[in-house]
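Morning, everyone. Please have a look at the structure on the screen, and I'll walk you through it.

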Protein chains: 4
Amino acid sequence: MAGRVNGVRDGKQRFVVDCDGGVDDAQAILMILARSDVDLVAITTVYGNASVGQVGRNVRRLLRVADRTDIPVYAGSHAPLVGLPHTNYFYHGSDGFGDVPEMDDKYSDEDSVSDTADIEGAVPALLRLVTARPGEITLVCLGPLTNVALALKLDPNFGRKLRKCVIMGGNYKGRGNVVISSEFNFHVDPESAFIILNELSCPTVLVCWELVLKHGLEISEYENLRGDAAGGRKADFMKRIESLVVAKKQNAHAKYLPCDEIAAAVALDASIVKRSATVYATVELAGVCTRGQMVVDWTQTLGKQANATIVIEIHKDPYMNLLKMATCN
Amino acid sequence: MAGRVNGVRDGKQRFVVDCDGGVDDAQAILMILARSDVDLVAITTVYGNASVGQVGRNVRRLLRVADRTDIPVYAGSHAPLVGLPHTNYFYHGSDGFGDVPEMDDKYSDEDSVSDTADIEGAVPALLRLVTARPGEITLVCLGPLTNVALALKLDPNFGRKLRKCVIMGGNYKGRGNVVISSEFNFHVDPESAFIILNELSCPTVLVCWELVLKHGLEISEYENLRGDAAGGRKADFMKRIESLVVAKKQNAHAKYLPCDEIAAAVALDASIVKRSATVYATVELAGVCTRGQMVVDWTQTLGKQANATIVIEIHKDPYMNLLKMATCN
Amino acid sequence: MAGRVNGVRDGKQRFVVDCDGGVDDAQAILMILARSDVDLVAITTVYGNASVGQVGRNVRRLLRVADRTDIPVYAGSHAPLVGLPHTNYFYHGSDGFGDVPEMDDKYSDEDSVSDTADIEGAVPALLRLVTARPGEITLVCLGPLTNVALALKLDPNFGRKLRKCVIMGGNYKGRGNVVISSEFNFHVDPESAFIILNELSCPTVLVCWELVLKHGLEISEYENLRGDAAGGRKADFMKRIESLVVAKKQNAHAKYLPCDEIAAAVALDASIVKRSATVYATVELAGVCTRGQMVVDWTQTLGKQANATIVIEIHKDPYMNLLKMATCN
Amino acid sequence: MAGRVNGVRDGKQRFVVDCDGGVDDAQAILMILARSDVDLVAITTVYGNASVGQVGRNVRRLLRVADRTDIPVYAGSHAPLVGLPHTNYFYHGSDGFGDVPEMDDKYSDEDSVSDTADIEGAVPALLRLVTARPGEITLVCLGPLTNVALALKLDPNFGRKLRKCVIMGGNYKGRGNVVISSEFNFHVDPESAFIILNELSCPTVLVCWELVLKHGLEISEYENLRGDAAGGRKADFMKRIESLVVAKKQNAHAKYLPCDEIAAAVALDASIVKRSATVYATVELAGVCTRGQMVVDWTQTLGKQANATIVIEIHKDPYMNLLKMATCN
Ligand SMILES: [Ca+2]
Ligand SMILES: [Ca+2]
Ligand SMILES: [Ca+2]
Ligand SMILES: [Ca+2]
């Protein structure tokens, strides 16, 4: 592996994004695309903010807006590992992208979809890509963890071949969002989250719900992000698809809560992490109230080796810069 | 009920303490006994820091030290509602009182045990006392909640007859002490904690584990509490029974974590509460990791009425004063 | 205890019945009352086929029909140990007694209700009666086991003071009635069933759902039971309150399934048991499908002592005789 | 699909066997190999009676004995979907094959292992084989269901492409073997069993533990099976690897309990099924006692469509013939 320093070859970090096609997924992907030193090797899709089919359409729509249809998109799981997919919680609109018609996109006539899309599934693609570049890929997980858990079950060495894994998901103080005590991505597929935490043998960084709550943005502050780039395609597109969520927040005098955006930022620049804790964490699978809750062994009661780094606080300024870059050109 | 204002008759608050006979239970009882405006009507015992038989012996030993053998002691449950009693976790020594021989107490020849003790059990006594003075009794729960849950199951109006209930127990950020994610008093009898939270119809104040963690005392600071009263019986007694725990903390460069003491303080003086949250809280009964964990519905996902006030922060100075008064004479 | 042989004093067996006021409870009580060698010391009530208040009214109505208002009735639990009472499953009509108006009873003007009723609750009464006659009482449990579990939690020796306990409840092949895999009496209060099986230290006989299924009666066969006693008060009363259930069965070409009747028969005459198994049995408390299911350790996997005798088959003829005697005069 | 009648092309049924390398797996495979009208397309391996590596060695050793090294063997999962592999329960010896040294096999010098083995994993192989012959493959599952569940999660249409699936696993009266209430294959991977029962869209036949208990063979009866073929390689091999289990049974005066053998027989000849029930069945995932137990909705409480045919009884004679044929030449 000549020419590679710390998992980075040719001065480029290699990312694969596994996402569930919501507005924050879109923004996170744009944050990654904005970085010239990062090569986004592939995007895999998973049900979550919408059906997996819709997620695929959303991702391709976004790639057309960003003029990056060269990036292959691989279709993943349509349901959690165990049980049925949820049929509510479509926070970002029924299509995950704010329910604004694609035909109104200024660039909707483009349809140069990647060739490899849909020919290979997400799990085989993950296995192939990661096996081809052992130690190089940073996997950024922005949705339920079904695809990644399946990849790991098919190849127990999958984790060892990753550079690292950054996950938006879980909670570390028992705060729930869609249900009383668990976070959406873990809630909809607790078994996959359990598998990832307990079996993925690579540095694993968790951006949890309590971190998101700590870093909410005033709506005015959030809207300023688009200000400088009013006319750009990406800014224009984001403004359209985020308008539903922004309106909800405005009406409730609530803050915008960035989820996948923080995960992307942490993956792009580890130095934005101000405080973190490296611990053993797992997922409750059997509780009546707590199924899907992340459980942290803060005092090493179980005597298990640490398996995750929970981000506790981030530096706001560099984070805001990464967020602004997403749509600045 | 002439002559009673806000549940207080004749200028005296009436307390019943249900306790499990550890060092902090002893200190909490002394804090209550130190207050001339509080009438400690009875003490009921429950397994926890020791077997229920030992807890009864501990409480009577303490009452002899305090020269208050007039207070009746009623023997309660020897095991949780469902399942077997724990047989480990004897943090305060095997007898709950630091394993220092009673014969060495300066006052061990006294044995004027209360007449009513052991004739009536804790649950019938709780029902009788509370029914006799509806709206007057403040119940201070310092151990597993088995007795109180049984009283409530026998009389569904038990809670309505209380003035209020202050409980040391539970957690609100998923931090565990004896196990990964639950607090001792809730952990050893989750069903009783569930019953209390879901069915006790009176103002219920929770002093949880995270509050205790926030208010740890440096060992030097803790030892200063005894300074002024070196020769007193109570201070002398506390110094002897706490020496085991204090030594553990010193060796680990750790703080003394006051549990039942904070609950007693909150029960004695509500104004020491600096910050609190009134919420719906329940207890997970079925989890593999989380059985016994308290679960808080911070965002009213379940739409249930609030049933508990969680103390989030207390004022240190008045709290320290109450603590100091416990052994100051 | 002179004059007592094998728990029987003065040639009389002493029974206490704990029941939930359905049609089969009524018939079981009549079976017991028909036996001159049995002294029915008391009846305690519990929610189940109706609310506990309605169950009390049903039992007193039955005792008036049977001209036995001398038997005290004690009001018990209105809800299970943990959680809310069920609000469906009123199989025997909304009042548990087939929804036929009491005013039409031929004897509805009688209201000589037992003096002790409602003054003492079921649990204190159970404790008092059983403690007064250690080793003599046969406890026949025909409803959810809440009262009995509470008695046992208040006095750990409660079971040791019983002669034996015969329970209608549970299942031994995983067959459910109201839900997929548990039987009604265990389903509505699994924790109490668990406590009874694991902590009641007396011979415990279980009449489970699969036994009931094995001994269903053709409707014609069932109706013949009343034939000889057409004009009697008891037969007349039973025919009225059972008509709802009998009609359901007839319409479905299904058999009448005697539940509490078999338990009464087994309690009255152990020799009707043709086949039984003495095993360790417990109750699943945590399952998604199986909460409330009885679990039998047929092959002693757990190495625990046997705690229950499951009746596997009964002799039909003597059983039918006991059933017929219930309303024959 | 000309030339195919009812999933059978060219007069041959096509089988794939997924197995966990125990003595009964071996015998089941020999039963299938003995049938000239069945084409055993492939064998996939899974942990269970031994580690997955050992299972692969066992299967190849068996194929050398049977002179069928042309059949490809694909290595599957080394652990259940969720959680750790069990490390006890090695009933057939630590190697699954009675712990008799391979070097003593009369044919141990053969090592013509199939070319495709180990190059492709079990799950991709299952997907490829079944997709290539939609509607033709009978899948016979003789171990934990991890491989099959993974195949189904990767391709939701996997089941629809099968002719049928015959599974040795589960229980329908709550009888356990390795633990109190669940059967080994379901016990070690309950999530996979749950997925198969709830999502595999093909005729699914279950050979459960209670059926096995009903059809135990006296040891003498079992040993007679080898009588006619004393000198044959297969009979000789089976006698050596089964001697450990046979001795255990003899010492305990217990019967030989054929598991995988019955599943193979049912797969080879549906007419040996004497009685069966087509029902909705699922698997308990969360119970303390019942995790892994199969739960049957006998009375359609849940209103779900039937998803499995449980074999309740088989005809003994044709079954014994199939068993005898396994080693008769
Ligand atoms: Ca997302
Ligand atoms: Ca305490
Ligand atoms: Ca009943
Ligand atoms: Ca097998």
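Predicted model: local features only at pLDDT ≥ 70, side-chain atom pairs only at ≥ 80, totals over all residues.

Let's start with chain C. Eight strands form an open sheet here. The order is 5-4-3-6-7-8-12-9, and the pairing is mixed. Which strands stand at the edges of this sheet? Strand 5, residues 73-74, and strand 9, residues 273-279. Each has a single partner strand, so one side of each is left without a neighbour in the sheet.

Now look at helix 3 of chain C, residues 122-132. Helix 3 packs on the sheet. It touches strands 3, 4, 5, 6 and 7 of chain C. Its direction makes about 155° with that of strand 4 of chain C.

Go into the sheet itself. Strand 6, residues 137-141, and strand 7, residues 162-168, run parallel in chain C. Five bridges join them. To find your place, take Val140(C): it stands opposite Val166(C) in strand 7 of chain C.

On to chain B. Its open sheet has eight strands, in the order 5-4-3-6-7-8-12-9, again with mixed pairing. Strand 5 and strand 9 of chain B stand at the edges. Each has a single partner strand, so one side of each lacks a neighbour in the sheet. Helix 3 of chain B, residues 122-132, packs on this sheet. Its contacts include strand 3 and strand 7 of chain B. The angle between its direction and that of strand 4 of chain B is about 155°.

For a parallel pair in chain B, look at strand 8, residues 204-207, and strand 12, residues 308-314. Two bridges join these strands. Leu206(B) has Ile310(B) in strand 12 as its bridge partner.

Next, single residues. Is Thr146(C) buried or exposed? Thr146(C) counts as buried, because its relative accessibility is 0% and the cut-off for buried is under 20%. Thr146(C) lies in helix 4 of chain C, residues 146-154. Leaving out residues up to four places away in sequence, it touches several others. Among them are Val46(C), Tyr47(C), Pro80(C) and Asp189(C).

Now two aspartates with a positive phi. Asp67(B) has a phi of about 55°, although it is not a glycine. You'll find Asp67(B) in the loop between helix 2 and strand 5 of chain B. It is exposed, at 58% relative accessible area. Asp99(D) also has a positive phi, near 55°. Asp99(D) sits in the loop between strand 5 and helix 3 of chain D. It is partly exposed, at 40%.

Last topic: the chains together.

The contact takes 25 residues from chain A and 25 residues from chain B. Between them, the two chains bury about 1,800 Å², with 60% of it on carbon and sulfur atoms.

Some chains do not touch. Chain A and chain C are one such pair, with their nearest C-alpha atoms 8 Å apart. Chain B and chain D do not touch either, and their nearest C-alpha atoms are 8 Å apart.

Key: Residues numbered from 1 in each chain as written. Chains lettered and ligands numbered in written order. Heavy atoms only, no water. Helix = DSSP H or I, 4+ residues; strand = E, 2+ residues; numbered from the N terminus. Buried < 20%, exposed > 50% of the residue type's maximum accessible area, 1.4 Å probe, protein only. Contact = heavy atoms within 4.5 Å. Pairing = 2+ DSSP bridges. Axes fitted to C-alpha atoms, helices over the stretch in contact; angles between N-to-C directions. Buried area = accessible area lost by both parts, 1.4 Å probe.
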